Amino acid sequence: MVERIQPGDAIHPGKPSTVDRYGPLARLNHWVTALSLILLALSGLALFTPSLYWLTGLFGGGQNTRALHPWIGVVLFVSFFVFFFQLWKANLPQRVDWVWLSKIRDLLGGHEENLPELGKYNAGQKFIFWGMAGLILVLIASGVLIWEQYFADYVDIPIRRIAVITHSIAAVLIICIFILHVYAAIWTRGTLRAMTRGDVTAGWAWRHHRKWLRDLARQRRIDPAE
Amino acid sequence: MSGSTTYQSPHTAVSNPPVTPVAAGFGEADLVRRSATSDLPPPQRQLTPVAKLIDVSKCIGCKACQSACIEWNDTHPDIGENHGIYDNPRDLTENMFTLMRFTEWVNPETDNLEWLIRKDGCMHCSDPGCLKACPAPGAIVQYTNGIVDFVHENCIGCGYCVKGCPFNIPRISKADHRSYKCTLCSDRVAVGQGPACAKACPTQAIVFGTKEDMKRHAEGRIADLKSRGYANAGLYDPPGVGGTHVMYVLHHNDRPSLYAGLPDNPRISPIVQTWKGVTKYVGLAAMGFLAAGSLIHGVFARPNRVTQEDDVHGEDLVEGKPVPPPKPETYGPGSGEHR
Amino acid sequence: MNMELSRRGLLKVAGAGVAGTSLGAMGFSEAEAAVAAHVRPLKLANLNETRSICTYCSVACGIIAYSKGDRRKGERAELIHIEGDVDHPTNLGTLCPKGAALKDFVKSESRLQYPMIRKPGSDRFERVSWDFALDRIARLMKDDRDANFVAKNKAGLPVNRWTTTGMLAASATTNETAWATFKVAKALGIVGFDNQARV
Amino acid sequence: MTNSWTDIKNADLVVVMGGNAAEAHPCGFKWVTEAKAHRGAKLIVVDPRYTRTASVSDYYAPIRQGSDIAFLNGLINYCITNDKVQWEYTKAYTNAAFIVKEGFGYQDGLFTGYDEEKRDYDRSTWDYEIGEDGFAKVDPTLQHPRCVWNLLKQHVSVYTPEMVSNICGTPKDKFLRVAEMIAETSAPNKVMTSMYALGWTQHSHGAQNIRAMAMLQLILGNIGLRGGGMNALRGHSNIQGLTDLGLMSHLLTGYLNMPSEAEPDYDTYMKSRQFKPLRPGQTSYWQNYSKFMVSFQKAMWGEVAAAENDWCYDYLSKLDVPAYDILRMFELMNQGRVNGYICQGFNPLMAVPDRAKVTSSLSKLKFLITMDPLETETARFWENHGEFNNVDTRSIQTEVIQLPTVCFAEDEGSLTNSGRWLQWFWPAATPPGEARPDTAIMAEILLRMRELYKKEGGAFPDPVLNLSWDYHNPREPEPEELAREINGRALVDLKDPADPSKVLVPAGKQVVNFSQLRDDGSTMCGCWIYSGNFNEAGNNMARRDNRDPSGLGTHAGWTFAWPLNRRTLYNGASADTQGRPWDPSRKLLEWDGTKWVSDDVPDIGVNAKPGEVQPFIMNQEGVSRLFARGLMRDGPFPAHLEPFESPVQNVFNRRMRGNPVGRIFESDVGRFGNADEFPFFATSYRLTEHFHYWTKHNRVNAALQPEFFVEISEELAALRGVTAGSWVRVWSKRGSVKARAVVTKRIRPLQCDGKTVHIVGVPIHWGFMGAARKGHSVNTLTMPVGEANIETPAVKAFLVNLEPTTAPGVQS
């Protein structure tokens, strides 16, 4: 059975041909989320370790950092989950993901041709997607529990202690994922334009998400209106 | 001086506070700990540790300490409600640094009612959990005399101190988002005066002096209590937090928790220890390792580029030209299914 | 005898015991060497001290009132703080929850500032001048005294009672105020004269 | 207080009963904790509630409020039965040996001579047998059946531990434990102190409560010693001073009496005040009465007071009733017989029992003048504050003039504390707005009335016009001038009677103390007992030498104590009949063979020989009185009396209600409830966080105990379905209040006369003015009963009912 095409994904023949990968809403979501995550990481790290406390300077001091961080978290949470609902189906795991994963060395070693053909997302991307989603849930939940300004009166201190350590660990993990995500996007040349212009080249799609491209091409033939 | 005075009671105050400007007797140079600061220069001198001793058996629960605390610190506690008990305000607040907590307890051994009244407030731990938890450099400091003080200019109101404290003491102001607690009246101590609560205490159940003297004074009090039938009377100076600079004489030192939940064995929560310890180091290491690894990979490994062949195949597919067929293993049985 | 004189010399009498040794421990003796970066400066600096006695109960604790401005020099003096007087033999500087909060009694928002009058049937007080109030009081009292004074009883013996106006005196005023009050009330023949000692 | 606050540290045993020293006088209570910490003293608390004093006690025993006499008589009985009596003291320093007149007796709860119609006793049999020599007859062997000791023994014999337990609800074992501890202080070197307050005075038999303890203290030999005595913990900062200065209906200054109608002239007045000694060689210091009286009259009316006009004796009002006390004034007011009222620093709308009657009474005034630093409910009694003061403003025709006065911080002068210390203080702040000192207000009223009298004439203006008012600024007398006037001065050169060439005090100079006063018009003195406060040595009340060479808390150089700077009253009794201190380690007075030596001022002639001159110098007997003769209206011995409202009957006379000579007004007879309708037994008190109705105005104290509540036992809460912190309605025959419920183990039901008595504690403080939450006031519930001897309102014991309700302002 053919994987369902994400709405908005489409091929534009040309020189070179491009493939629409993300619509404006998704890109907006992505960048709001990304910016939020960066700000959260910076403000969070400032409070996580004294050696980075200087980062509070970016936010106008410790008080502002403390006040802004949770609100940025709320923005990230909302933004990410609007994003999430656009993408979650395409990120459902498939058996091929395991095959892909088992050959990850080939990927890093520059032998992507040895890897299976993939749909819109590879296992790494899916891992990032689900990792982010899960950690954001953990972070927002634990973050609310330690949001002193509004919720301190409703949460027992032992719970708050668990929440704060959970928040810290989750934050570390999400930052790690974030690094992977950013690095992967940079290392895999031609990727960034998917989130800037919203499209990728057909060659990029062929190389990395060949099944996705094949599906789109097949769709195009079925639906000549495009 | 009253030469032939037969005994000396411990008075917190030997003279009235000065009105001529006096330089503080200790300051930044006397810090032994400073929150979120690793490069604190070692103090040049060791001040003699001080302590406040609260003799619960002498306390009449009059709340003079609360009153004196409010006045000295110019705080404004709310006029609340009666909740069916004598504890008022209902809890410590950013405007109420100390609080009498009342417990009615029938001693099962004697069948007598005992009204256990404990003055709650910052214990000035030798190993202060608040300071350990605090992320803001210099918001919490500890002097070599043992006073743990909050420096409100540096406080960011995050509430980490609340989680760090084993005694549930700091309170974050909803108005200015800074954390407040008893300072042991550091401003008074710095000019040779005892804390306002200790000075006011009508029965001198609260006394203040060097920690050593306070321990000695406590010994006398404990002996008196034992002679009155309190076999388990003792000094509460919990080792789990390295001892405290606010200590209690308790009639029932075997069961501190009788006194409105005074922790039996207080210590900084292991969770907080882990959070401020292992988590921080492992987390930083993980993030650093990953970032460095990526960098190294980026420098030394070839980037994953789209090849010309890929471009050709991609364009071909778009234009409907033949392209290499799908790799067989991609389409395993049921592989296209979502679930 | 004034307080300047009387508070010198006898200052450090009570209890040197434990606290005596503590004083040095606080670093007080090395004050000049220290830098007060964190510690709040003592709020009593440059205020005027006045010895007083707590106005509440009959333990009569010694207190020191700290004020900005010196009344003895005819300046306007604002009360800033009140604390127990360490030199006082009864309280040794301690205070109860009332005494420790005396400042907020003196500076209560419900302190009266001006003479007021409430006319019969009215639902409000109106501000009046002292002259008006005192003249009005003198008039009301004299009229009532003249109308109802019992100079002689039925047997014709002088009894000099004024029973239709009474007075309750304040047992928190000074002896000197009490004596002045006593003289006026008893001279007027007010027999319905009492103070809180009765209750 | 017979002793000073600092002296309490010398006690071996402290009994707090009829008071709550830790809560009402925390800084004085310090000396109890000192006695405990340094002498190993024990503290006993006997109270209906387990108070904060009890929380630091060594032993607590519950008692039903108002039954203290039974408990105390039980203690006396225990001591006598178990031979725990300080015999040498009792025999030498009390009237135990005095023989009482034939005919005196006690039966069915009443003493001889009761007249039910008049509600009064004929006290003629309550006296000693007088011998032909004019002295009272005594039997030093205590064998005579009618000697005081044997009468006392018989009188208290019914107060067995079982009887005490039955009346008071105190479990027998607890009573016995208390008795055992107290009896130990009969040893000459063991001293007990009694600390009491309004828990004893505010009953219809208040004076007898105190007498009972005083008698116990006497037979234990604890009066006059360091660490002993009867220590009345007085209320306001200068309530002692105002009593000493006679700001009461029945008093002049220094406990001189207002004359009564039966004393129309000075000779008659003085005839009953000769105070001839009842035993040979005794001091009977009141023999000097005329010196103090004449000097007082000279202070009042100066030159006008002369021998020819009996020192202006006519100027004094003559009372036709024992006193126009506060309850009587409100009764008269309610009858429409009072037109004007001045409330100087007094808030009767909150403080006087039966608030509904108080409101009704104030509403009938033509004018009300209030002088106060603060808003008072009284000044605004006409203002509607919903259910907290539900009055019809328009119908109230009272003109109210509210005058702002200074408070202590802006004032200067002296205050007399409970230990009789007159302490001077100085002004620290500028008064707010136009607030003025009370002295200025009183002066202005006087001067303006004088002007009117001069202009218009009027009713007997002489005492007003001639009142001595020669102050530097008559419109605002200075505190020091007034203090000097209180001390007194020589009006002419005072010559030494032994050597007329020697001038003791030149004219115009201050007398040293009252020993120099004379009854020939040559001296004046405002208040004789205070004399010495401000003499030529200066303002002794401002002395600040706080040294204490003995280490026993005398502090003789600190301010001034009346009389004569004496710190412990009756201190002559601190030594045995040989003049040796009972306990050398707590030496107070010691006879060195020719004179008494002490760091205090001896309360006995300094050369008066021990064994010959007895130490109770104010009494005609020279000794203390276990038997009070006819000096008390309700009996020469204390006898158990029930409160007027009580859940149980008087076991000695079930027909008798309250004190048979307690004062109630005809119009109030219908305002009493009974136990069927009002089954619970309430008491009123103040909390340590508060001072009466003042601290309502203080944000700090208001925060420390913010809201009106009542305290009940867990058992009563269960009985009525009340939970802690919920609202309850409490009502008596006279009114109803709503309060939060504090449900506590500190109050327990008591078993009295076969009934379970549930106690309801109702604290005072709240009203409708100030910073604190508005609240109902206790006096809505309390009874307008006057104590038999002194007319103090009996507000410590009354019947109420109680049920759950909703918050004020919320309909149930």
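**View 1. Where chain D meets chain B.** Here 42 residues of chain D are in contact with 38 residues of chain B. Keep in mind that this is a predicted model.

**View 2. Strand β27(D) and its partners.** Strand β27(D) is largely enclosed by the rest of the structure, because 9 of its 10 residues are buried. Strand β25 (residues 709–713) of chain D pairs with β27(D) in the parallel sense, over 5 bridges. In that part of the picture, look for D:Val710, which stands opposite D:Ala741 of β27(D). Strand β26 (residues 727–732) of chain D also pairs with β27(D), but in the antiparallel sense and over 6 bridges. Here D:Trp731 has D:Ser736 of β27(D) as its bridge partner. To get from β26(D) to β27(D), follow the hairpin, which joins them through 2 residues.

**View 3. Four cysteines of chain B listed by UniProt.** An unreviewed UniProt entry lists B:Cys59, B:Cys62, B:Cys65 and B:Cys201 under "binding site". They are spread over 143 residues of sequence, yet they cluster in space, with a largest C-alpha distance of 10.5 Å. The next two views take a pair of them in turn.

**View 4. Around B:Cys62.** You'll find B:Cys62 in the loop between β2 (50–55) and α1 (64–73) of chain B. Is B:Cys62 buried or exposed? It is buried, because 30 other C-beta atoms lie within 10 Å, and the cut-off for that is 20 or more. Leaving out residues up to four places away in sequence, B:Cys62 touches residues from chains B, C and D. From chain B there is B:Pro202. From chain C come C:Cys96 and C:Pro97, and from chain D come D:Glu23, D:Pro26, D:Arg52 and D:Thr688.

**View 5. Around B:Cys201.** This cysteine, B:Cys201, sits in the loop between α5 (196–200) and β9 (206–210) of chain B. B:Cys201 counts as buried because it has 34 C-beta neighbours inside 10 Å. Setting aside neighbours within four places in sequence, B:Cys201 is in contact with B:Ala64, B:Cys65, B:Ile206 and C:Thr94. One of these, B:Cys65, is also on the UniProt "binding site" list.

View 6. Finally, over to chain A, where UniProt (unreviewed entry) places "domain: Cytochrome b561 bacterial/Ni-hydrogenase" at residues 21–198. That span is 71% helix and 0% strand, and its end C-alpha atoms lie 6 Å apart. Helix α2 (residues 62–87) and helix α5 (residues 123–145) of chain A pack at an angle of about 145°, and their axes are 10 Å apart. The crossing of α2(A) and α5(A) is left-handed. From α2(A), the contact is made by A:Pro70, A:Gly73, A:Leu76, A:Phe77, A:Phe80, A:Phe84 and A:Leu87. From α5(A) come A:Phe129, A:Met132, A:Ala133, A:Ile136, A:Leu139, A:Ile140 and A:Gly143. Taken together, the residues of this contact are 12 nonpolar and 2 polar, with no charged ones.

Technical notes
Residues are numbered from 1 along each chain as its sequence is written. Chains are lettered from A and ligands numbered from 1 in the order in which they are written. This is a predicted model: local features need pLDDT of at least 70, side-chain atom pairs count only at pLDDT 80 or more; totals for chains, interfaces and linings use all residues. Axes are lines fitted to C-alpha atoms, for helices over the stretch in contact, and angles run from 0 to 180 degrees between N-to-C directions. Helices (H or I, at least four residues) and strands (E, at least two) are DSSP runs, numbered from the N terminus. A crossing is left-handed if the near helix is turned anticlockwise from the far one by less than a right angle, and right-handed if clockwise. Two residues are in contact if their C-beta atoms, placed from the backbone, lie within 7 Å. Ala, Val, Leu, Ile, Met, Phe, Trp, Tyr, Cys and Pro count as nonpolar, Asp, Glu, Lys and Arg as charged, and the others, Gly among them, as polar. UniProt positions are given in the numbering used here, feature names are shortened, and annotations may be inferred rather than shown by experiment. A residue is buried if 20 or more other C-beta atoms lie within 10 Å of its own, exposed if 12 or fewer, and partly exposed in between; C-beta atoms are placed from the backbone. Two strands pair if DSSP finds at least two bridges between them.
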